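Me: I am new to this structure. Please go through the terms used for it and show how each one is reached.

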Amino acid sequence: MGDTRLAKGRFVLTLVLAALFGLGYAALHASDKAPATGAPAPDFTLNSQEGAPVSLHEYRGKWVVLYFYPKDFTSGCTTEAHNFQRDLAQYQAKNAVILGVSVQDADSHKQFCAKEGLNFKLLADTGKKVSEEYGSVMNFGVTKLSARHTFLINPDGVVVKEYMDVNPGKHSEEVLAALTELQAK
């Protein structure tokens, strides 16, 4: 009986480790499909927290910080959004807009913006198509979430910098520094 219990425990542990490995692999390799630096940013149209359609091409002539994040109301996503909000005036002074994308619906984004005082667009990618097109999907078993990736897009609509390993606490400062450097060239 003890051997059977030990065998079952090992089997369960093996399954858990395999699942974790698979999730980690999927998260790490989601970015394999991301648009390359120097490539045109794929255009899209998604609904914002107001329920209105927003298209990337509407922002030609501006710098775009297109950031993908896993989920409204989670600690890392809230920190990242607060920091973009804190720095919003600096982005605007640099002719840049912030567009956040996740797989939650527009109502969730509306509640998140209201609760957290966010004044930039959060876009609902409920079909996960845009997240997939930008190589920014993570698989968690049966659930798919947007991966924490950011693409800096120049006024001509070209991806000039991508961030695939984001620290939410420092990210806005990092993007602002890159934007300053790119605009000085």
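Predicted model: local features only at pLDDT ≥ 70, side-chain atom pairs only at ≥ 80, totals over all residues.

Reply: Residues are numbered from 1 along each chain as its sequence is written, and side-chain values use heavy atoms, with hydrogens and water left out.

Me: How many helices and strands are there in the protein?

Reply: The protein has six helices and nine strands. Helices are DSSP runs of H or I with at least four residues, strands are runs of E with at least two, and both are numbered from the N terminus.

Me: What makes Cys77 count as buried?

Reply: Buried means under 20% relative accessible area, exposed means over 50%, and partly exposed lies in between (1.4 Å probe, protein chains only). Cys77 has a relative accessibility of 1%, so Cys77 counts as buried. Cys113, at 7%, is buried too. Of the 185 residues of the protein, 44% count as buried.

Me: How many disulfides are counted?

Reply: A disulfide is a pair of cysteine sulfur atoms within 2.5 Å. The count by this rule is zero.

Me: Why is strand β3 called mostly covered?

Reply: Strand β3 covers residues 63-68, and six of its six residues are buried. One side carries Trp63, Val65 and Tyr67, the other Val64, Leu66 and Phe68, and all of these are buried. In a regular strand the side chains alternate between the two faces of the sheet.

Me: How do you know which strands pair with β3?

Reply: Two strands pair if DSSP finds at least two bridges between them. Six bridges join β3 to β4 (residues 96-102), and these two strands run parallel. Five bridges join β3 to β8 (residues 149-153), here in antiparallel fashion. Phe68 has Val101 as its bridge partner in β4. In β8, Thr150 is the bridge partner of Tyr67, and Phe151 stands opposite Leu66.

Me: Why do β2 and β9 stand at the edges?

Reply: The open sheet has seven strands in the order β2-β1-β5-β4-β3-β8-β9, with mixed pairing. β2 (53-55) and β9 (159-163) each have a single partner strand, so one side of each is left without a neighbour in the sheet. From one strand to the next, the twist averages 30°.

Me: Where does helix α2 lie?

Reply: Helix α2 (residues 75-86) lies across β3, β4 and β8, and runs at about 165° to β3. Axes are lines fitted to C-alpha atoms, for helices over the stretch in contact (heavy atoms within 4.5 Å). The angles run from 0 to 180 degrees between N-to-C directions.

Me: Which residues touch the most other members of the largest nonpolar core?

Reply: A nonpolar core is a set of buried Ala, Val, Leu, Ile, Met, Phe, Trp, Tyr and Cys residues joined through side-chain atoms within 4.5 Å. The largest has 23 residues, of which Tyr67, Tyr91, Ile98, Phe120 and Leu122 touch the most other members. At least two residues each come from β3, α2, α3 (88-93), β4, α4 (106-116) and α6 (171-184). With four residues, α6 gives the most to this core. A second, separate core of 19 residues includes Phe44, Leu56, Val97 and Val130.
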